[in-house]
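Subject: Structure handover

Hello,

I am passing the structure below to you. Please look through it first; my notes on what was found follow.

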2 protein chains.
Amino acid sequence: MPEFFEVVHRQRACRTFTAEDVPDEVVERLLEAATHAPSAENRQPWVFVVVRDEKMRARIGKLIRRAWEDGGRAYSEQRLEAGLLADVGRGATGGVGAAPVIIVACGDSSAAHERTLPSSVFPAVQNLLLAATAVGLGSALTTLATVHSGELASVLDLPEHVRPMAVIPVGHPARPLGAPRRQPVNEKAHRDRWGGGW
Amino acid sequence: MPEFFEVVHRQRACRTFTAEDVPDEVVERLLEAATHAPSAENRQPWVFVVVRDEKMRARIGKLIRRAWEDGGRAYSEQRLEAGLLADVGRGATGGVGAAPVIIVACGDSSAAHERTLPSSVFPAVQNLLLAATAVGLGSALTTLATVHSGELASVLDLPEHVRPMAVIPVGHPARPLGAPRRQPVNEKAHRDRWGGGW
């Protein structure tokens, strides 16, 4: 199995997938990683809905496409460079919906205070994405579908207290993923106080 | 170096530390892991302030203690079992402030839309915590000090557009950390829709 830092440095968003399936035991491995994340008061207020059903995935794909066409693209066009825009667009107009597995990560406000959900659910999502990378699968943290949060909740039959927070397609990458592009530490870190350099 | 899943399954909050220092090159390794996280539009809107200065750490420790004594303890007393309450209390009344390194993770709203900060900053924080685990250090994701967010920002000289989101003590654990206690996957995962079982 891969070394920890190698996985962390290799992680990159994947938005288009082959048709090859991902077995349940692999999905369970990703969920085990996700559910080992820390959470406020160890309340573990996460819920994962693993969508394999073809019609359900198509409905989620449609929601994402609509969010993209109704404003997402216009917003991103002015912000993203061409390569990333094209990749996000491919994901939003079919790539994510066509992943063999779509995992919707939700926050459960009956398990923890609403305000603690992001600091509990997103670390779990990150564990899941890293675990996918570790086993050689592609994945991405997408939030576009949460623009239509109510409709997404309705597709998944979620009760009132469970709110969808991220939609994570999982599958075999349709093409090789390059190295992630990140700014160096010294542009993001400060010593002792803002402006203290690193 | 340790295997990926071994690190993920071993991660646990640590809130009391020995006086032993953590060298800069190790801190940098944690920051490198943090800055490799995904973020909305790859905007990387994270800022890490690495506090080593003793007086600065004492000021942060004081803020945390005040948040605990002014309401945190009363709130937690009714919610946490005795062991966890005692551990959180030890952290809040001195343990976190006495860590040799305190890393404050912030979100920069000049780099990305305010609403995307949690889904970008908390994955980076999780990478940092996992990296600490990988190199044998203790750490914890704490948010108690953000109750006094304005004061914390002022201690760190943060500009208006940079908001502190988590305070992460890093150091050598004062006592061995046991295994994390987590609910099993089948209590947290559903197939295709809510109530679909796993």
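This is a predicted model.

In chain B, strand 2 (residues 101-108) and strand 4 run antiparallel and are joined by eight bridges. One pair to look up is Cys106(B), whose bridge partner in strand 4 of chain B is Pro164(B). Strand 3 (residues 138-139) of chain B also runs antiparallel to strand 4 of chain B, with two bridges between them. Here Ser139(B) has Val170(B) of strand 4 as its bridge partner. Strand 4 of chain B covers residues 162-171, and nine of its 10 residues are buried, so the rest of the structure largely encloses it.

Chain A contains six helices and five strands. Their order along the sequence is α-α-β-α-α-β-α-β-α-β-β. Chain A has a radius of gyration of 17 Å, close to the 16 Å that the globule rule gives for 198 residues, so chain A is as compact as a globular protein of that length. The C-alpha trace of chain A spans about 50 × 40 × 40 Å along its principal axes. Buried residues make up 48% of the 198 in chain A. Among contacts in chain A with a separation of 6 or more, 81% are between residues 24 or more positions apart.

Which residues of helix 4 (residues 82-95) of chain A are buried? They are Val88(A), Gly91(A), Ala92(A) and Gly95(A). These residues cover an arc of only 140 degrees around the axis, which puts them on the same side of helix 4 of chain A. They pack against helix 3 (54-77) of chain A. On the other side of helix 4 of chain A, the exposed residues are Ala82(A), Gly83(A) and Ala86(A).

The contact between the chains takes 65 residues from chain A and 65 residues from chain B. On the side of chain A that touches chain B, the elements giving two or more residues include helix 1 (4-10), helix 2 (24-34) and helix 5 (117-134) of chain A. Helix 5 of chain A gives the largest share of that side, 10 residues. By class, the side of chain A that touches chain B has 38 nonpolar, 13 polar and 14 charged residues.

Strands also pair across the two chains. Strand 5 of chain A and strand 1 (residues 46-51) of chain B run parallel, joined by three bridges. In that strand of chain B, Val50(B) is the bridge partner of Arg191(A).

Regards

Terms used. Residues numbered from 1 in each chain as written. Chains lettered and ligands numbered in written order. Predicted model: local features only at pLDDT ≥ 70, side-chain atom pairs only at ≥ 80, totals over all residues. Buried ≥ 20, exposed ≤ 12 C-beta atoms within 10 Å, placed from the backbone. Helix = DSSP H or I, 4+ residues; strand = E, 2+ residues; numbered from the N terminus. Arc of directions from axis to C-beta. Contact = placed C-beta atoms within 7 Å. Pairing = 2+ DSSP bridges. Rg over C-alpha atoms; globule rule 2.2 N^0.38 Å. Nonpolar A, V, L, I, M, F, W, Y, C, P; charged D, E, K, R; others polar.
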